[in-house]
Amino acid sequence: MTRFIVFVLSIIIPFPAFSGAWPREHGTVYVAFSETFTVNSVGVPRSFLSLYAEYGLSPQLTLGFDGFRSGSGESSETFLFLSFPLHTNNPRNHYALTFALGEHADLTGAPAPALRIGLNWGRNIGSSWLAINNFATFRKASDTPLLKLDATWGYHFSNHIDLMLNLRAETYDGATNKIEIAPGLTWQTGVGNRIEVGLSIGAAEHREYGLKIGTVREF
């Protein structure tokens, strides 16, 4: 009961779906699959499937896949990316650059090529960590990039449970601004296996509420 209360108080994010500023260990694999069920302010339901994977191509290079598809097929996005760390004089701060090529599709037309560039920062603080990931996505069908900020605070609550709080914001010309707060947790169910459960609360011009359920596998 005490742990449940601590979790509820921490809500005021789903497990970070990617390593961000921390490179994936050489030769290891990370795979996360999830489905998110949402409903907007007028009661219209939607669902989204997402798949994220990383492979430690070398000690300094991470290869990955990042994609999602709405349940109705109205939008989808897929990216292949490479991420490599940036070394600084401060060992407590971690930085990485990410370059991704892929495609984006929505109701406005056929899939179109897209380019994504990201700058990631991360820092370990005792039993918790902070991560800020910034992305700019350039789409052939748009004259302006999609800008996205993804900030995460995580806390190792126990050997098997991680609590997290995530803030996501994105904007681009011709579309509504989107801000989302996402509390969540993961718990270990076996060696290299975790279950993820999270909530999402849309703010600003994008009022939407959701429940995320997923699995994470590392080997």
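## Basis and confidence

In this predicted model, local features need pLDDT of at least 70, side-chain atom pairs count only at pLDDT 80 or more, and totals for chains, interfaces and linings use all residues. Residues are numbered from 1 along each chain as its sequence is written, and side-chain values use heavy atoms, with hydrogens and water left out.

The protein chain has an average pLDDT (the predictor's confidence in each residue, from 0 to 100) of 83, and 85% of the residues score at least 70. Over residues 1–17 the pLDDT is below 50, yet this stretch has 42 contacts (heavy atoms within 4.5 Å) beyond near neighbours in sequence.

## Aromatic rings and a charge

The structure contains 6 aromatic pairs, where rings of Phe, Tyr and Trp (its six-membered ring) pair if their centres lie within 6.5 Å. One aromatic cluster is formed by Tyr30, Tyr52 and Phe81.

Arginine 116 is placed over the ring of phenylalanine 79, with its charged end 4.2 Å from the ring centre. Arginine 116 also lies over the face of phenylalanine 135, at 5.6 Å from the ring centre. A charge sits over a ring if NZ of Lys or CZ of Arg is within 6 Å of the ring centre and within 35 degrees of the ring normal.

On a 1 Å grid over the protein atoms alone, a cavity is a set of points where a 1.4 Å probe fits but cannot get out; lining residues have an atom within 4 Å of a point.

A pocket is an open set of points with protein on both sides within 12 Å along at least five of seven lines. The second largest pocket holds about 160 Å³ of space, and among its lining residues are Gln60, His87 and Tyr95. E4 and strand E5 (93–106) are the elements that give two or more residues to this lining.

How values were computed
Rings of Phe, Tyr and Trp (its six-membered ring) pair if their centres lie within 6.5 Å; planes under 30 degrees apart count as stacked, over 60 as edge-to-face and the rest as tilted. Grid points are joined across faces, edges and corners, and a volume is the space filled by probe spheres set on the points. Helices (H or I, at least four residues) and strands (E, at least two) are DSSP runs, numbered from the N terminus.
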